[in-house]
Structures are given as structure tokens and as C-alpha cells.
Amino acid sequence: MSEDKLLFDADRNLITMGDRRVVFHCHHYNLFLQRTIEDGLGTQDAERVQVAAAMEATRAMLRSRTPVAAAASVSQQLAQCNRLFGALGFGQANLTHITPQGGRITLTTSHYAVGWKAKWGVAKHPVCYFPLGFWMGALSVAANVAPERLLGRELSCSALDAACCELEVEVL
Ligand SMILES: [Zn+2]
């Protein structure tokens with residue numbers, strides 16, 4: 001992949017990034033899918049499964065980068081991930097307090113939190129499973145940390161009327 005660019009093939013009507021196809025879904029699709037999984041598994045297991053799935057999808061996507069992009073410093077790679085996160089429509093992230101040893105990521109906007117409130121009102125629990133998994137996957141690849149060494153949780157979520165979403169990633 002050339003950096004973090006999304007490429008549109010008009011002849012085939014495909015969007016790709018590296019060797020991966022990219023499909024965009026609206027908040028209706030994404031949140032109904034999330035809620036359906038919660039209905040089936042319960043909130044705790046649904047969160048665990050969706051965070052893990054998001055982390056693995058993100059790791060696979062980032063591993064398809066060119067060697068040049070993958071050779072950038074940790075902070076450069078995280079900045080690339082932040083541009084990608086925004087370009088994919090997941091929100092705006094502030095990475096001031098994240099290091100290769102972990103830390104916190106603030107989402108000033110979150111597709112999942114804004115979408116949840118728009119559809120169903122104030123949530124009963126944090127809802128940003130995909131963003132949490134995305135940033136765990138991004139840190140795993142950028143800092144070359146095995147995914148099983150990462151713990152993550154959402155400390156506050158704007159779907160619960162917090163001012164912003166705050167994610168915490170810990171490296172064991
Ligand atoms: Zn949130």
C-alpha cells in the first residue's frame with residue numbers, strides 16, 4: 001500500500017487500500033450489527049469479540065503497507081493510522097497521550113458514539129468497540145507488540161453524554 005491511501009477503481013467500482021478491499025457502511029448498518037451481536041452474546045462477550053475482531057482487521061490492513069510505511073517511527077506510524085481512522089469515517093482522535101508503552105487516546109468525535117445517540121439516545125454503556133480495537137491494532141503494529149500483550153478499555157464515551165470518548169490501552 002502506498003502509505004495510507006484509499007484508491008478508487010472506477011472501472012470496477014472498488015475501493016482498495018494495499019491488498020485489502022474497503023467497504024463503507026453507514027451508522028445504521030454498523031450499529032445494528034453491533035447491537036445484534038450484543039443481543040446474542042450479552043454486552044461483555046460482545047465487547048470482547050468485537051474489540052478483538054477490530055484489532056485483527058486493523059492489524060491485517062496495516063501489515064499490507066509498503067515496507068517504507070512500515071519502517072517509519074512509531075509516532076509516524078500512529079499519525080498515519082490517525083489519518084486512516086479519519087479517512088475511513090470513524091472519527092477524530094487525539095494521540096497526545098499514547099506512547100509505545102500504551103496510554104490514552106481521546107476521540108473528539110466517534111462514528112459509533114454519535115451514531116448510537118442519533119439512533120437510540122443515550123447509551124447504557126460505552127459503545128466504541130471498533131475504535132478501541134482499531135487503536136489496539138494500530139499500537140500493536142506500530143510498536144511491534146504482540147496483540148495478546150494489549151489490554152484496552154473505554155474510560156468514557158460520548159454515547160453516555162461524556163464530553164468525548166477516552167480509550168486506554170495498556171501494554172503488559
Ligand atoms: Zn465512545
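Reader: What pattern does the protein chain follow along the sequence?

Author: In this predicted model, the protein chain reads β-β-β-α-α-α-α-β-β-α-α-β-β along its sequence. Its secondary structure comes to 6 helices and 7 strands.

Reader: Why is the protein chain called as compact as a globular protein of that length?

Author: The radius of gyration of the protein chain is 16 Å, and the globule rule gives 16 Å for 172 residues; the two values are close, so the chain is as compact as a globular protein of that length. Taken along the principal axes, the box filled by the C-alpha atoms is roughly 45 × 45 × 30 Å. Of the 172 residues, 34% count as buried. Among contacts between residues at least 6 apart in sequence, 59% join residues at least 24 apart.

Reader: What makes α4 roughly antiparallel to α6?

Author: The axes of helix α4 (residues 74-87) and helix α6 (residues 129-142) cross at roughly 150° and come within 9 Å. Angles over 145 degrees count as roughly antiparallel, and α4 is therefore roughly antiparallel to α6. The crossing of these two helices, α4 and α6, is right-handed.

Reader: Which residues make the contact of α4 with α6, and of what class are they?

Author: From α4 come Val 74, Gln 77, Leu 78, Cys 81 and Phe 85, and from α6 come Phe 134, Ala 138 and Ala 142. By class, this contact has 7 nonpolar residues, 1 polar residue and no charged residues.

Reader: How do you know whether Leu 88 counts as buried, partly exposed or exposed?

Author: Leu 88 has 17 C-beta neighbours inside 10 Å. A buried residue needs 20 or more and an exposed one has 12 or fewer, so Leu 88 counts as partly exposed. The place of Leu 88 is in the loop between α4 and β4 (91-99). Its C-alpha atom is separated by 7.6 Å from that of Phe 24, 64 residues apart along the chain.

Notes. Residues numbered from 1 in each chain as written. Predicted model: local features only at pLDDT ≥ 70, side-chain atom pairs only at ≥ 80, totals over all residues. Axes fitted to C-alpha atoms, helices over the stretch in contact; angles between N-to-C directions. Helix = DSSP H or I, 4+ residues; strand = E, 2+ residues; numbered from the N terminus. Parallel < 35°, antiparallel > 145°, perpendicular 65-115°, else oblique. Left-handed = near helix turned anticlockwise from the far one by under 90°. Contact = placed C-beta atoms within 7 Å. Nonpolar A, V, L, I, M, F, W, Y, C, P; charged D, E, K, R; others polar. Rg over C-alpha atoms; globule rule 2.2 N^0.38 Å.
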